[in-house]
Amino acid sequence: MGEEAHLTVAVVDYEHDGERRLGAASTHLAALTGDDAKVRVFIEPNERFRLPPDPSRDVIMIGPGTGVAPYRGFLQQREAQDATGRNWLVFGARHFDSEFLYQVEWQDAARKGLLQRVDLAFSRDRTPRTYVQDRLREAGAELFAWLEGGAYLYVCGDSEHMAPDVHAALVDVVARHGGLDRDAAEAYVRRLADDRRYLRDVY
Amino acid sequence: MSEQSPVERIKRDSRLLRGTLVESLADPLTGAIREDDTAVIKFHGSYQQDDRDVREERRRQKLEPAYSFMIRTRLPGGVCTPQQWLALDEIARNYGNGTLRLTTRQAFQVHGVVKTELKTTMAAINATLIDTIAACGDVNRNVLASANPVESRAHQAVYEWARKLSEHLLPHTRAYHEIWLDGERVAGTEEVEPIYGPTYLPRKFKAAIAVPPYNDVDVFAHDLGFIAILERGELSGFNLTVGGGLGTTHGEPATYPRLADVVGFLTPDQLLAVAEAVVTTQRDFGDRTNRKHARLKYTIDDRGLDWFVAELKRRQGFALQPARPFEFTSTGDRFGWIEGFDGRWHLTLRIESGRVADTAAGARLTGLREIAKVHRGDFRLTPNQNLIIANVEPSARQFIDALVLRHGLDAHARTTPVRRDALACVALPTCALAMAEAERYLPGFAAKVEDLLTTHGLRDEPLVLRITGCPNGCARPYLAEVALIGKAPGRYNLYLGGDGRGQRLNALYRENVDEPTILAALDDAFGRFAAERTPRERFGDFAWRAGLIAAMLREATPA
């Protein structure tokens with residue numbers, strides 16, 4: 001962003017067997033304050049997690065929590081390319097009030113017409129708890145229509161729970177709205193991945 | 001002709017107050033509503049606000065301001081049932097910030113409701129048979145009536161008239177029911193606003209009914225006022241007052257507070273017709289080009305009181321009788337237990353700044369909930385932000401007293417007159433208009449004033465102290481004996497000279513001063529008051545007689 005490099009970091013801080021566990025890297029980064037704090041970084045590129053070469057293609061960006069980070073760059077690139085494809089962001093966190101990462105940037109993008117659709121899931125703001133995969137199911141008809149229209153789908157963030165849950169929701173949506181049985185729906189999603197239209201950067 | 005103010009366009013385009021509220025509420029990206037809708041939603045009884053304490057921090061976090069909504073009820077005369085109290089208490093804890101605020105307009109405010117819960121909250125309030133229609137906005141707002149109306153049959157009659165007046169001046173639009181209560185759109189029928197028309201009034205409009213000798217409603221601060229005239233304990237009619245209004249703007253001398261004029265007497269059956277004539281005259285002649293010059297007080301001053309009275313007569317179809325004599329003795333509440341005409345009892349409690357909350361000082365929200373669970377009478381919110389537990393059987397008094405004591409609700413019995421009668425508006429952190437602290441500042445400041453009074457042997461003197469965070473006048477500061485009106489963080493204009501009866505405006509004494517300067521000025525003034533006062537003279541009266549305020553005026557005017 002201009003002269004700045006931004007890191008999106010969730011601090012690992014939890015209790016296990018009555019003992020507090022802190023993530024070494026995230027705690028270190030979060031403790032850095034002041035203008036003179038320095039941190040050495042290197043970039044581990046994920047060459048597969050890239051925008052469609054054809055800017056007229058639609059993109060669906062699913063990234064709860066810190067998984068939203070790459071989509072800031074995605075939108076900047078789409079804007080720079082004057083991409084004609086539509087952009088759809090699916091974001092989730094625990095609380096709207098405090099964890100809607102880069103909220104004002106998404107608002108600006110929506111205002112400029114750069115984001116055609118946004119779906120949000122804030123799991124702790126209401127019961128029952130809702131997550132991004134629930135939003136995907138709710139928006140199933142439109143999601144399937146975008147995929148049928150050649151959209152690229154991106155998933156970034158937690159690999160343990162989120163990515164499998166989103167994958168399962170995707171298969172459900174394809175089965176339901178594509179009128180396919182389970183095997184056929186799974187084959188459809190596998191084909192998306194083979195065609196590099198279903199791309200994941202999960203950790 | 002000058003251009004109409006932007007709010008006039010918003011009103012005109014709102015399709016009788018619908019605006020794009022439905023779309024605004026559905027937008028998940030933001031906790032705010034669209035800018036035009038922030039004007040429209042006021043007519044529905046809500047203001048969009050944000051926590052100004054965290055604005056800058058959130059900006060750095062790339063988060064929008066912490067938006068939330070204040071919801072204000074319409075509660076004519078401030079009367080509600082224990083069931084309604086319990087419902088509002090629950091609403092405040094479930095959807096609000098866990099506090100209820102009793103306002104200077106005898107209404108409840110619930111603060112801190114987030115957009116996604118706004119509709120649920122509005123529906124919950126309406127389920128208690130209390131609505132929020134026209135609690136804010138350019139319409140007639142909640143109608144005040146002297147608190148404790150059951151003290152005599154006449155008080156009861158006055159309360160009924162306040163209720164009828166409020167109903168009569170309600171907007172007729174179905175927008176409120178459609179948006180908040182899933183009301184059906186009535187197809188085919190043309191919707192009209194018979195009194196207001198499609199652009200409502202040029203500005204807010206306030207009405208009150210006072211029952212002498214108590215001017216707790218501050219009737220002269222209202223656009224439209226009625227002073228009940230009681231003869232042998234029965235209501236014979238009202239004196240009409242018009243053109244009061246307090247709000248001003250710093251640095252704009254064309255804006256000023258104005259006391260209402262008493263223009264005549266009317267019988268009770270004429271009240272609604274007279275009120276409608278006043279409202280429609282203001283609708284047709286009020287200034288719609290400049291919101292700082294749009295209240296009825298300016299309409300009357302611009303065109304003359306005689307013109308206004310003649311216009312009323314034309315619209316009413318009858319003339320008013322000459323005004324009848326009346327006398328006010330105070331604007332404060334009568335604290336403690338009072339016996340009503342029918343042998344039932346009323347207990348007035350001090351609620352500082354009207355904030356009902358569980359704090360270190362006492363579990364007042366909990367306490368009033370416990371009282372509401374067993375109370376068989378009703379509650380009355382007073383125009384001084386206090387609360388009356390009304391219509392109590394003599395046998396229930398002891399039990400209520402015990403609950404009052406247990407939950408720290410007995411401030412009225414423990415504090416000095418200055419702290420007991422003080423008012424403060426909400427101001428920071430939620431009010432968008434605030435320039436300085438008010439509610440959060442009152443306890444500390446009042447304690448310091450109390451210390452000064454004590455030093456000068458004036459501890460038990462009545463003194464009306466009011467603080468507002470801006471010059472718009474929510475806590476009616478221009479009628480106080482000592483008032484602070486916010487200029488900037490930690491800085492206020494200091495006013496002196498109200499009469500304690502709501503019939504004289506105060507005057508600027510020190511401009512844009514900080515706390516040490518204010519306290520030094522008050523120390524001097526109280527010292528002179530203690531030494532030079534005549535028996536029973538009030539501080540506000542002394543300030544004029546001794547020339548404190550006139551002296552200031554000379555200082556301010558270069559020779």
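**Entry 1. The A–B interface**

I looked up the contacts between the two chains first. In this predicted model, 16 residues of chain A touch ten residues of chain B. Contact here means heavy atoms within 4.5 Å. The area buried between chain A and chain B is about 1,100 Å², and carbon and sulfur atoms give 58% of it. Buried area is the accessible area (1.4 Å probe) that two parts lose on being put together, summed over both. On the chain A side, Asp97(A), Gln103(A) and Gln107(A) lose the most area to chain B, together 33% of what that side buries.

Ground rules for my notes: the model is predicted, local features need pLDDT of at least 70, side-chain atom pairs count only at pLDDT 80 or more, and totals for chains, interfaces and linings use all residues. Residues are numbered from 1 along each chain as its sequence is written, chains are lettered from A and ligands numbered from 1 in the order in which they are written, and side-chain values use heavy atoms, with hydrogens and water left out.

**Entry 2**

How many salt bridges cross between chain A and chain B? I find two. A salt bridge is a side-chain nitrogen of Lys or Arg within 4 Å of a carboxyl oxygen of Asp or Glu. Arg58(B) and Asp97(A) form a salt bridge through their side chains, at 3.4 Å, N to O.

I then counted polar contacts. Seven residue pairs make them between chain A and chain B, both residues at pLDDT 80 or more. The rule is a pair of N or O atoms within 3.5 Å; within protein, one must be able to donate a hydrogen and the other to accept it, and residues adjacent in sequence count only if both atoms are side-chain atoms.

Next I asked which elements carry the chain A side. α3 (96–99), α4 (103–111) and β5 (117–122) of chain A each supply at least two residues of the side that touches chain B. Of the elements, α4(A) gives the most, with six residues. By class, that side of chain A has eight nonpolar, four polar and four charged residues. Ala, Val, Leu, Ile, Met, Phe, Trp, Tyr, Cys and Pro count as nonpolar, Asp, Glu, Lys and Arg as charged, and the others, Gly among them, as polar. Helices (H or I, at least four residues) and strands (E, at least two) are DSSP runs, numbered from the N terminus.

**Entry 2. Helix α4(A)**

Which residues of α4(A) are buried? They are Gln103(A), Glu105(A), Trp106(A), Gln107(A) and Ala109(A). Buried means under 20% relative accessible area, exposed over 50%, partly exposed in between (1.4 Å probe, protein chains only). These buried residues pack against α2 (69–80), β4 (87–93) and α3 of chain A, together with α4 (55–60) of chain B. Gly113(A) follows α4(A) and has a positive phi, near 85°.

I searched the whole structure and got 60 salt bridges over all chains.

Lys11(B) and Glu8(B) meet at 2.8 Å, N to O. Both lie in helix α1 (residues 6–13) of chain B, three residues apart, about one turn of the helix.

Arg9(B) and Asp36(B) pair at 3.2 Å, N to O. Arg9(B) is in helix α1 and Asp36(B) in helix α3 (residues 35–43) of chain B, so the pair ties together parts 27 residues apart in sequence. Arg9(B) is partly exposed at 35% relative accessibility, and Asp36(B) is partly exposed at 32%.

Asp301(B) and Arg258(B) pair at 3.0 Å, N to O. Asp301(B) sits in helix α10 (residues 296–303) and Arg258(B) in the loop between β9 (234–242) and β10 (261–266) of chain B, so this pair ties together parts 43 residues apart in sequence. Asp301(B) is partly exposed at 37%, whereas Arg258(B) is buried at 11%.

**Entry 3. Leu452(B)**

I placed Leu452(B) in helix α16 (residues 442–455) of chain B. Leu452(B) is buried, with a relative accessible area of 13%. Leaving aside neighbours within four places in sequence, Leu452(B) contacts Leu519(B), Leu522(B), Asp523(B) and Phe526(B).

**Entry 4. Confidence**

I checked the scores last. The predictor gives the complex an ipTM of 0.90 and a pTM of 0.93. pLDDT is the predictor's confidence in each residue, from 0 to 100. Chain B has a mean pLDDT of 95, with 97% of its residues at 70 or more. Over residues 553–559 of chain B the pLDDT is below 50, and this stretch has one contact in the model beyond near neighbours in sequence.
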